[in-house]
Amino acid sequence: MAAVTTAIKVGVLVSQHWKKLLYVIVGLLFLIIMIPVAAISAFLPSSEESKAAEYKSVAEKGKLGWVEMMAFDTVRYENDFSSVDPNNTAFDFFYAKVDKYRNECVETTKVKGVWRCVERDWEFVETDVLNNKNDITAFLSDNNERYSPSDFKSVIESLDDLDSKRRYDIRFEKRHLSSLMASHGFSDDKKEWTLELISSGAIYEMYDLENINIVDADPTIYNSKGWVWPTVSTRITSDFGYRVSPCSGCSSFHGAVDVGATKANVAGDPIFAMDDGRILVSKHSTSGGNMVIIKHENGVISKYLHLMSRYVQPGMPVEKGKMIGRMGTTGYSTGVHLDFSIHFNGKPVNPLAYFEEVG
Ligand SMILES: [Zn+2]
């Protein structure tokens, strides 16, 4: 009987307080869902790192440099990325050259009194430049391509698709940072700020914390000439010589070796001067990114491209083994690596022929 009265009492309580009970149940459910969500989000990258990831993925599609794009936007929007779409920046940095061909009859013959074409060929007509988003949009819609104009990646895919047809030969070009800064009315101060963000490696340090690892080490590999291997890693990712062209319009001869980072795709490995000499070039360029060129004795020159940061100025003397910068992925580069080359009287030679210890 006691059980029955208890059940009745509980029933009465529930009927009197069912609203409160509902609140308690909803509250408990909320906690059960939110605790794991909070725990997971603590391990997700910060918004700055995910912003860098967005830039990287868009830039990679168009063979653009994410570091340059982010430096440009950092200055253009004065550090406020809240309403910035990397797709738009990619369209600013990108343009395309289109060689147009026409199917022409090159030989005709008379068959039963009627002229007929017996041989057709493709004839070059003209080169068009797709200068901006509007030009690209118009070109794609002329060719009935389906695409979403704000999405840089799908635009590139559509262009790639058209490039594979014989009527077009499309070359993807990257706009120079200096001309972009000029066309956006950057003052000298802003230009300097942008270049400083790139050459100092600050972009990596601000936005790419996951993929940066500052390695401090001394050179350890010397060859028989006493030259220093220019970094700590010996992982060759691309050899000297002819290779499959990485993009249409790119040279297929690679007069350098590419050396991957000690931790794949993580920037920050030290870059050493191969030998004593004088800094000929230390600058940021569209294709080579942060680059350093050193003039040594006897007509020998060494070049170091795509650096994350540069520590030397043109004209400076350098000693063998001095750290001149850090490995990165600036310029035409789709991952962290050093493009290293040695030149004898202006001609590139295979660096691995001089560093048997490495190859
Ligand atoms: Zn290379």
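Helices here are DSSP runs of H or I with at least four residues, and strands are E runs of at least two, numbered from the N terminus. By that count, the chain of this predicted model has ten helices and 15 strands.

**Overall dimensions.** The C-alpha trace spans about 105 × 80 × 45 Å along its principal axes. The radius of gyration of the chain is 30 Å, whereas a compact globule of 359 residues would have one near 21 Å. Buried residues make up 30% of the 359. Among contacts with a separation of 6 or more, 63% join residues 24 or more positions apart.

**Helix H5.** H5 covers residues 133-142, and its buried residues include Ile136, Phe139 and Leu140. These lie on the same side of H5, because they cover an arc of only 95° around the axis. The face turned away from that buried side carries exposed Asn134, Ala138, Ser141 and Asp142. Strand E1 (94-111), strand E2 (114-130) and helix H6 (152-163) are among the elements covering the buried residues. After H5 comes Asn144, with a positive phi near 55°.

The table lists both pairings.

| Strand pair | Residues | Sense | Bridges |
|---|---|---|---|
| E4 and E7 | 236-238 and 257-260 | antiparallel | two |
| E7 and E14 | 257-260 and 337-344 | antiparallel | four |

Ser238 has Asp258 of E7 as its bridge partner. Gly260 stands opposite His337 in E14.

Methods: Residues numbered from 1 in each chain as written. Predicted model: local features only at pLDDT ≥ 70, side-chain atom pairs only at ≥ 80, totals over all residues. Buried ≥ 20, exposed ≤ 12 C-beta atoms within 10 Å, placed from the backbone. Arc of directions from axis to C-beta. Contact = placed C-beta atoms within 7 Å. Pairing = 2+ DSSP bridges. Rg over C-alpha atoms; globule rule 2.2 N^0.38 Å.
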